[in-house]
Amino acid sequence: MTYLSDGRLDMTQFLNHVDHAVWLSEPGTFDQHREELELLAGVSLEGPHLLDDLACKIVFSASAGLALVTPTDDPAPTGSIGEHLRTRLAERGEGLLAVCIGVADLTTALTEARSRGLAPSEPQDWALGRPWASAVDSAAVAVVGSVLDTVFYLGEIHYKPGVVTTQADTPGYHQNVNHIDHVAWLTTAELFAEHRAQLEQLSGVPLYDPADDEGEIQVSLSWTSGLELLAPPAQAAADDWLSSMLLADLERQGPAHQAAIFGVPDMGVARDRATAAGHQISPLIDPLNDPHQDPSWRDKTGVFFETVAGHFMGAQFVFGEITYRDDVFVVKD
C-alpha cells in the first residue's frame, strides 16, 4: 500500500474481498438505472461501451467497483453473453447479476475452488481490448458458481496506481470510500445454514457465526471478504424497523440479494445528498452502540454507521461509513 498526499491508501489489488459488483438491466431501462446508480453512489459511470463480441453494453466505474450491463442484439448470437443475459432477464428480471471476489493468483484460486467441489469456467483475459483496460495492468477472471441468483466469479485484477483508494484518517484503520464495501443477501431461518455454506464454498472464506438469540436478526458475515447473510426473526417487535423491513423484503421477493453497501467518507454528507435527491432514507444504523450487538464487531471496526439510502433494481442501496482495523481484510501493495 502507498500513502497518497491526502492520507488515502493506494490500492492495487483486492484479495479475498469483493472487488466489484455488476447489475443487469433491461435495454429500455438502462439509462434510467444508470442515472439512479450514479445519483445514489455519487460517482460517474464511464460509457456506455458496446462489447460487440459479447452482444451487450456496459457502464462502469473501476474506482467504485460498480458496473451496469444490458444485452444489445435481439436475438443475441447463440452462446453469447448477450443470449445469457436475455435468458436471465426473462427468467428472473433485473437486479444484481454478479459479484467478483479478488484473488492473489487466479490459477491457485481455481485449484482451491475445485478442491471445494466447484467446477469453475476457464480463465479469461478480461483486460485486453476492453474499455476498462486503461484502469488495470492486467485482469483475469473465471466463474465459480452462483447462489441466491447471484453469479460469483474470481478475479486476479491488478489496478493501476491511483485508480482505487481507501481512506486512512485514523492510525491502524482504513475505510472503503466511494467504493463498494460489502454485499448482503437475505434468506429465511430455515435456509440460513444452506445458503451460508454455499457462500463459503464459492468465496473460499468462512463466514462469522450467526447470533442465535431468539427474536434477533441472524447475521453471518465475513469481514475479510465483504459478504453478509441475513435472516429476520419470525416476527418483528413494534419498534424494530429493520426486522420489519427485512420481513417485508423476504415476503416480496423470497431469498435473494438484499443490499449493496457503498463506502462513503462522511455519513452526514451522504445522507443529505440522498435526501436532497428525494430518497426517504432510513434512521441511522449504529451497531457499535447497540448493547445487543456482538462485542467482536467493536474489535473489527472503529466506526460503523449505515443508512438505507434507497432502492436500486429491487434491492437496498446502503451507505456505509465503516473503518476497519488494518488486518481485517488483506490488500496487496
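The following questions and answers explain how several descriptions of this predicted model are reached.

Q: What rules apply to the numbering and to the values in this predicted model?
A: Residues are numbered from 1 along each chain as its sequence is written, and side-chain values use heavy atoms, with hydrogens and water left out. Because the model is predicted, local features need pLDDT of at least 70 and side-chain atom pairs count only at pLDDT 80 or more, while totals for chains, interfaces and linings use all residues.

Q: How do you know whether the radius of gyration of the protein agrees with that of a compact globule?
A: The radius of gyration is taken over C-alpha atoms, and the globule rule is 2.2 Å times the number of residues to the power 0.38. For 333 residues the rule gives a value near 20 Å; the protein has 19 Å, and therefore the two agree. Along the principal axes, the C-alpha atoms fill a box of roughly 55 × 50 × 45 Å.

Q: How many helices and strands does the protein have?
A: There are 7 helices and 20 strands. These are DSSP runs numbered from the N terminus, with helices being H or I of at least four residues and strands being E of at least two.

Q: What makes the pair of Trp126 and Trp132 stacked, edge-to-face or tilted?
A: Rings of Phe, Tyr and Trp (its six-membered ring) pair if their centres lie within 6.5 Å; planes under 30 degrees apart count as stacked, over 60 as edge-to-face and the rest as tilted. A search of the whole structure finds 8 aromatic pairs. In the pair of Trp126 and Trp132 the centres are 6.0 Å apart and the planes stand at 40°, so the pair is tilted. Ring pairs also link Phe60, Trp126 and Trp132 into a cluster.

Q: What makes a space a pocket, and which residues lie nearest the centre of the second largest pocket?
A: On a 1 Å grid over the protein atoms alone, a cavity is a set of points where a 1.4 Å probe fits but cannot get out, whereas a pocket is an open set with protein on both sides within 12 Å along at least five of seven lines; lining residues have an atom within 4 Å of a point. The second largest pocket has 35 lining residues, and those nearest its centre are His20, Val22, Trp126, Val141 and Tyr153. Among the elements that give two or more residues to this lining are β4 (17-24), β10 (136-147) and β11 (150-159). The largest share, 5 residues, comes from β10.

Q: How is the lining of the second largest pocket divided?
A: Ala, Val, Leu, Ile, Met, Phe, Trp, Tyr, Cys and Pro count as nonpolar, Asp, Glu, Lys and Arg as charged, and the others, Gly among them, as polar. On that basis the lining has 26 nonpolar, 8 polar and 1 charged.

Q: What is noted about phi of Leu148, and is Leu148 buried or exposed?
A: Leu148 is not a glycine, yet its phi is positive, near 50°. Leu148 is placed in the loop between β10 and β11. Its relative accessibility is 11%, so Leu148 counts as buried.

Q: Where is Met313 found, and why is it called buried or exposed?
A: Met313 is found in the loop between β18 (301-312) and β19 (315-325). Its relative accessible area is 11%, and therefore Met313 is buried. Met313 also has a positive phi of about 55°, although it is not a glycine.

Q: Which peptide bond joins Gly47 and Pro48?
A: The bond is cis, with omega about 15°. Pro48 has its place in strand β5 (residues 46-51).

Notes: Buried means under 20% relative accessible area, exposed over 50%, partly exposed in between (1.4 Å probe, protein chains only).
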